[in-house]
Structure formats: structure tokens, C-alpha cells
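Please examine the sequence and the model shown below.

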Amino acid sequence: MNPLITSGHSFHGATTALSVNLNKVALLRNTRALTIPSVTRAARIAIDAGAHGITVHPRPDQRHIRTHDVHDLAEMLEQEHPHIEYNLEGNPFHNLMDLVRAVRPHQATFVPDSVEQSTSDHGWNLPEDNEALRPLIDECHALGVRVSLFMDPLPEAMVQARAIGADRVELYTEAYARSHGEGAGTPQHAALLACYTASAEAALGVGLGLNAGHDLNRDNLTAFLRAVPGVQEVSIGHALIADALELGLAETVRDYLRCIHRAHA
């Protein structure tokens, strides 16, 4: 069974699944009035190489993933790869919910990004955002869509995420990635990593599933998964597509899977 297409509460120590974010493929395509590179073709290559899921983060200005991409991928996955998870990321108060209603992905990852942000840079503020998020989580559940909340590594916030009905949280890993690059052996890095570990344990303790993503790469992924328990899914885009320019997309996906396997060996 694909570990991505399960409930948020049934991980039991299995290996972490890889969901490939295709935003940067669409960004390159959009620089010309052409249809290459193809987002659906990239999805097929990633899946054939072993990826467990496909992630896209459509933004209101459609600067990379466009509305037709969301529908094209949904159709392709349903027809050719129904076992592959489809994860739509975005701000549910912008354009995300209309797309969720239209294609009913396996998972909706709610991210509190603003329209002008170049990339996500913080998680939800709970409990302040609780009441606004609760009805949208309920709506996703009525549609049969699992909900993950993009969260900073704050152990005390995990009980709030569970209380409003989230199935999973996605730990925002940019701080970890930056610290790892600056010096993985420092006391400061160890303290930060301990915060991620505590957040993961808190999430698992209240029955949340656990995802992670943002700036994870081939250099830091294995160490993160060794230290942080119970990560069901990592969603990786920018670094993976950058590596693909050197290695090719299929081999890059396989190399990220090797990083995951080393963590669980």
C-alpha cells in the first residue's frame, strides 16, 4: 500500500514516502508561450522512478502551477496511477478550496502564505487561526480529503491542530535546512533539531500524522529523518528539480529515495 494514501494515524514506523513538488517545472514552462517542459510528463517520470506522490502549490497569480495543471494532473493520476497520492498545497483563504472542491485530491495541505510571498515562510498561528480553519477542515473531510496543516516546530501547537480536526501536520523545515548547512555539528543545530523531534513526538502523541517539507535536500534529508520520528511524507520540490538539471529527473528521484532508505536502515 502506498504509505501516502492512508489515514493520518497508521504509520507504525514504515518508511517515509516521497512526494515530488512540480512547481518549478511549471515555472520554467511559463517563461515561454510553449507547453514544455510538461508538468504531467514530469509527474510520469517521477512516478516511474518510484515517487509515492505528486505535490503542487498553485498560487492565485498562477506564476507557476496553473489551474489547468491541477486538472490535468488529477485526470492523469486517476486514469494511470490511482495509487499515487495527489497533494494540493496552498492558502485555503485564497484559491485552494475551489481547486480542492473540483478535483478532490487525496490531501490538502493548508499553508498560510500571502499573495506576494515568493515561497512559504511560516506556519499557522494556533490557536488564533483555529476558528477560521475549522470549517474548511470540516469541508475537506466531507469531500473525502485528508488535511495537513503547515506548522512551525512548536510542540505546544500540535494539540491545537488536532483539536480543530487536522489529520496531519507538515513541519516547516527551512530553519533546520539552513542550520544544517551552516554547521550540522554545532550545539545550536542540535538544539533546533531537538525542537523538531519534540514537535514530532507531540504530534504523534495526540494522534496526528506527520509530514515535513521546505528546503530538504540530498545533503540534509537523511539526518532529519534519523532524528525526527514518524515522518510519513516529505514533499520536496526546489532542491529536487535543481538536482535534476545535473542528474536527470528519474535518477534524482531515485537518489532521494536512497536518502530516505538510508535513514530507515
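The paragraphs that follow turn to the aromatic pairs and then to the cysteines.

This is a predicted model, in which local features need pLDDT of at least 70 and side-chain atom pairs count only at pLDDT 80 or more, while totals for chains, interfaces and linings use all residues. Residues are numbered from 1 along each chain as its sequence is written, and side-chain values use heavy atoms, with hydrogens and water left out.

A pair of aromatic rings is described by the distance of the centres and the angle of the planes. Rings of Phe, Tyr and Trp (its six-membered ring) pair if their centres lie within 6.5 Å; planes under 30 degrees apart count as stacked, over 60 as edge-to-face and the rest as tilted. The structure holds five aromatic pairs. One of them joins Y176 and Y196, edge-to-face, at 6.3 Å centre to centre with 75 degrees between the planes. This pair links distant parts of the chain, 20 residues apart: Y176 belongs to helix α7 (residues 174-183) and Y196 to helix α8 (residues 187-205). Helices here are DSSP runs (H or I, at least four residues), numbered from the N terminus.

The rings of Y196 and F224 have centres 5.7 Å apart and planes at 75 degrees, so this pair is also edge-to-face. Because Y196 lies in helix α8 and F224 in helix α9 (residues 221-227), the pair ties together parts 28 residues apart in sequence. Y176, Y196 and F224 form one aromatic cluster. Both Y176 and Y196 are buried, a term that means under 20% relative accessible area. F224 is likewise buried, with a relative accessible area of 0%.

A disulfide is a pair of cysteine sulfur atoms within 2.5 Å, and by this rule the count comes to zero. C140 counts as buried at 0% relative accessibility, and C259 counts as buried at 1%.

Terms used: Helix = DSSP H or I, 4+ residues; strand = E, 2+ residues; numbered from the N terminus. Buried < 20%, exposed > 50% of the residue type's maximum accessible area, 1.4 Å probe, protein only.
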